[in-house]
Amino acid sequence: MREGSPFTGVGTIAFKEAADHMTGARLHLIMLLVLLTAAGALYGAIGTIRAGATDDTFLFLKLFTTARQPVPSFAGLLGFLLPLVAIALGFDAINAEHGRRTMSRLLAQPIYRDAILFGKFLGGLLVIAVAMVTLWLGTTGLGILFLGLPPTGAEVLRGLAYLVATIAYAGVWLALAMTLSTVIRSTATSALAALSVWLVLSVFWGMIAPVVASAISPVDPLNPMSLIDAFQTQQAVARLSPQTLYGEITAILLDPAARSVGPLFIDQLQGALLGAPLPTIASLAIIWPQISGLIAAMILLFTAAYVLFQRQEIRA
């Protein structure tokens, strides 16, 4: 029978894990790639905004969404590259301890497996949160410096909501990487498996989703409603990818005039002034299912890692 709290030592492990990540060359290289690409995206966005190529409302939000070819927007780059950061932090969280034969020594201390897994996950998430907050503050500072205008209260609220959603999005990939690290004993194989899932869900899922949706809900030429059913099925299949959910969250939060993640219907336009911005709370209500989906995916993946880790046999 276990005595004491199973979470004793979570903070110690989390801070130790975060310190190891922050001093490791692996994270430095990945974050350098993210910073360079983000700086390129911001440079293009600031140039486009200052040239007057966009309207004058919500300029700070446009820093995240404005793109200048061939560089994508800041939000688009984060959606593509942030999973790499999370995978780099989590692909060897458990199996590396087995490979170094330090897991048995760790469990020989007055600490439970619960604390080890929670601590490693929270340590990785803390590193991502620190990096994203720093990036968000840097973007805000550059916006004030080059645009000469402070952000409005609504822009700050939307930016903070976007920051929280971004951290949750990274948490999904971190939980996935840790789950694969728990299942697969080889660090190289777990890294390859995590990158394969990332490639499928981020690059190829847009091509796979229509094929799967057409098989589930085929279009009947004699039934116009089948078109709507097919579209809804395709949307549901596409949302199995965290990147799709994150893209929908970004589109609503960073564009106050957006009223739907899909096509607009007549009932959604009743009493609405086209082009008028929505209140932040209304935008959050639209994307609450997507945010809940990201959080649920993170919890489910972490739960899978937790159950598998609890059942593993640890040998010295």
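Residues are numbered from 1 along each chain as its sequence is written. Because the model is predicted, local features need pLDDT of at least 70 and side-chain atom pairs count only at pLDDT 80 or more, while totals for chains, interfaces and linings use all residues, and side-chain values use heavy atoms, with hydrogens and water left out.

Begin by selecting residues 25–50, which form helix α2; helices here are DSSP runs of H or I with at least four residues, numbered from the N terminus. Helix α2 has 26 residues and spans 37 Å from its first C-alpha to its last, close to the 38 Å expected at 1.5 Å a residue, where the expected span is 1.5 Å times one less than the number of residues. Now colour its buried residues (under 20% relative accessible area, 1.4 Å probe, protein chains only), which include L27, M31, V34 and A38.

Next, select α9 (residues 187–216) and α10 (residues 225–238), whose axes (lines fitted to C-alpha atoms over the stretch in contact) come within 8 Å and cross at roughly 135°. In contact here, meaning heavy atoms within 4.5 Å, W205, A209, P210, V212, A213 and I216 in α9 meet A230, T233, Q234, V237 and A238 in α10.

Technical notes. Axes fitted to C-alpha atoms, helices over the stretch in contact; angles between N-to-C directions. Helix = DSSP H or I, 4+ residues; strand = E, 2+ residues; numbered from the N terminus. Buried < 20%, exposed > 50% of the residue type's maximum accessible area, 1.4 Å probe, protein only.
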